[in-house]
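This report examines selected local features of one protein model. Please keep the sequence and the three-dimensional view at hand while reading.

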Amino acid sequence: MSCGGTRSGVHRGAQSCNQLANIPRTLDIRVADGRSPAMEVEVASVTASGITKEFGQVTAVDGITLSTRDGEFLVMLGPSGCGKTTLLRIIAGLETPTAGEILIDGEVVNDLPPRARGVAMVFQSYGLYPHLTIWNNIAFPLKTQGTPRHEIKRKVEWAARLLGIDRLLDRRPRQLSGGERQRVALARALVREPTVFLLDEPLSNLDAKLRASARSELKQFQQTVRTATIYVTHDQVEAMGMGDRIAVIDHGKLRQIGTPAEIYEYPADEFVASFLGTPPMNLIERDGGSLGFRPEAFLPKELLNGSALMELPFRIDRVEYLGSERILYGGLEGRVAKREVTAKLPAHVVLDGIHAGEWHAFAVRERELRYFDRTGLQVR
C-alpha cells in the first residue's frame, strides 16, 4: 500500500508519489547479526479524531478518538461486530469516514488513497497468491511499483531473513504451515517500507499452540522493526500479551484505552471489567451501583490473614480442575450477583474443608475491590 515502495511521512493529497519518496527516513534497523538491512523504516504516529462511520441507519463507529505513539503496538480489542475492523479500514483508506479525520504524522490523510498513506495491512486470510512462489509473493508489490530488480532482491532477502523464512522462498503457499504463511504476509507488508502496520486478526486461523508461538514471534518482529502497529483482535490473551496499550471498543464506542495492567486492574466501566479476564470480574449489587473483584482476589479467608478484608460467605456449587488452577463456581450469602460468582485458586492451594455443595468463608482484600456507579462507570 505504500506509495512507490519508498513512502516515508505523509503529506496532503496534492503532492505526488515522487515528492513523497524524497522525504528522508530516520531510523536504522539492524538484524540479529548487527548488520544494517537493505532499508530503513521511519516511525510514525496515527491519530483518529472524532471518527464516525454510518452504514445506513447503523452506526459502526461512533465518535472514536485515539492516537498511537511512535513505534507503539496498539491493540484494538472488542467483541465481534463492535466496529474495530471498520476503524482499521478507515485508517487504511479502504473506508471513508462519515465524520472525523485521520492524521498520520500530524497530517490529515482523509483524501489520500491507501497507497499514498504509507500503511501496510495484513488481513486475516493472509491473501497470498497460491500459484506464485514465496519469493514472488513477497516481491509482488515491489514489481507492481516498478522497483528495480536489484532493489527487489535486496528487500526480499532482508525481509525473509528477518522473519526466518529465507529457506522457504522457492516453495508455494500450500507447502507452508499457517504460521509460515503468516510470516510471508508480514514480509510482503514489510518490503513496502510502511510507516504504520495495520493487522486485522492475523492469527485467528491458527490453532491454539501455534497462536501462542506466533504471538511471541509477532511481538519480537514489531520490536525489531520499531514500526507503529495497530492490531485488531477479539482475543483478550492476544491483547494482553502483545499490546503496549489496549483500546477496548464496544458498539462503536471507545470504552477505555491504557496499558494491559491499567485495563485489567482498573477497568473504566462494567463492560471492560466483564470483557477482560477468564473468568471475568465478579460484580455484585451495592447501593445502586456495583462492587467488583477479580476471581483470583477472592480467596478462602484463612489465606488472607493480616489484611483489611471484606468477608463474603461463598457457596461452592462446582469445581473445575484446569491443571495449574482450579475455578470454583457458586453464590454469595445475602448478595445479588450479576452473574455466577467465581474464585480462581492455584492448583497448589489445598482445599481443606472446601467441597461442592457447601458454604465456606471467603474474603477479598479491600484494596482489590472496585466500585461502579449506577451508570456502570468505575468510581475511584
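## Basis of the report

The model is predicted, so that local features need pLDDT of at least 70 and side-chain atom pairs count only at pLDDT 80 or more, while totals for chains, interfaces and linings use all residues. Residues are numbered from 1 along each chain as its sequence is written, and side-chain values use heavy atoms, with hydrogens and water left out.

Ser290 is placed in strand 12, which covers residues 289-293. Helices (H or I, at least four residues) and strands (E, at least two) are DSSP runs, numbered from the N terminus. With a relative accessible area of 1%, Ser290 is buried. The term buried means under 20% relative accessible area, exposed means over 50%, and partly exposed lies in between (1.4 Å probe, protein chains only).

The side chain of Ser290 makes a polar contact of 2.7 Å with the side chain of Glu270 and a polar contact of 2.9 Å with that of Lys338. A polar contact is a pair of N or O atoms within 3.5 Å; within protein, one must be able to donate a hydrogen and the other to accept it, and residues adjacent in sequence count only if both atoms are side-chain atoms. When neighbours within four places in sequence are left aside, the residues in contact with Ser290 (heavy atoms within 4.5 Å) are Glu270, Ile284, Lys338, Arg370, Tyr371 and Phe372.

## Strand 12 and its partners

Strand 12 is largely enclosed by the rest of the structure, because five of its five residues are buried. Strand 12 pairs with strand 11 (residues 282-286) in the antiparallel sense over five bridges; two strands pair if DSSP finds at least two bridges between them. In this pairing, Phe293 of strand 12 has Asn282 opposite. Strand 12 also runs antiparallel to strand 18 (residues 370-372), to which three bridges join it. Here Leu291 stands opposite Tyr371 of strand 18.

What do strand 11 and strand 12 form, and how many residues lie between them? They form a hairpin with two residues between the strands. Asp287, in the turn, has a positive phi of about 50° although Asp287 is not a glycine. At 67% relative accessibility, Asp287 counts as exposed, whereas Ser290 is buried.

## Aromatic rings

The structure holds eight aromatic pairs. One of them, Phe271 with Phe275, is stacked, at 5.4 Å centre to centre and 15° between the planes. Rings of Phe, Tyr and Trp (its six-membered ring) pair if their centres lie within 6.5 Å; planes under 30 degrees apart count as stacked, over 60 as edge-to-face and the rest as tilted. Phe271 and Phe275 both lie in helix 9 (residues 270-275), four residues apart, which is about one turn of the helix. Both Phe271 and Phe275 are buried.

Phe298 and Phe314 form an edge-to-face pair, with 5.0 Å centre to centre and 65° between the planes. Phe298 lies in the loop between strand 12 and strand 13 (299-300) and Phe314 lies in strand 14 (residues 309-321), so the pair ties together parts that are 16 residues apart in sequence. At 0% relative accessibility, Phe314 counts as buried. Phe293, Phe298, Phe314 and Phe362 form one aromatic cluster. Leaving aside neighbours within four places in sequence, Phe314 has contacts that include Phe298, Leu328, Trp359 and Phe362.

## Charges over rings

Arg294 lies over the face of Tyr264, at 3.9 Å from the ring centre. Lys53 lies over the face of Phe55, at 5.1 Å from the ring centre. A charge sits over a ring if NZ of Lys or CZ of Arg is within 6 Å of the ring centre and within 35 degrees of the ring normal.

## Backbone features

A cis peptide bond, with omega of about -10°, joins Thr278 and Pro279. Pro279 is located in the loop between helix 9 and strand 11.

Glu201 has a positive phi of about 45° although it is not a glycine. Glu201 lies in the loop between strand 7 (196-200) and helix 6 (208-225). Is Glu201 buried or exposed? At 12% relative accessibility, Glu201 counts as buried.
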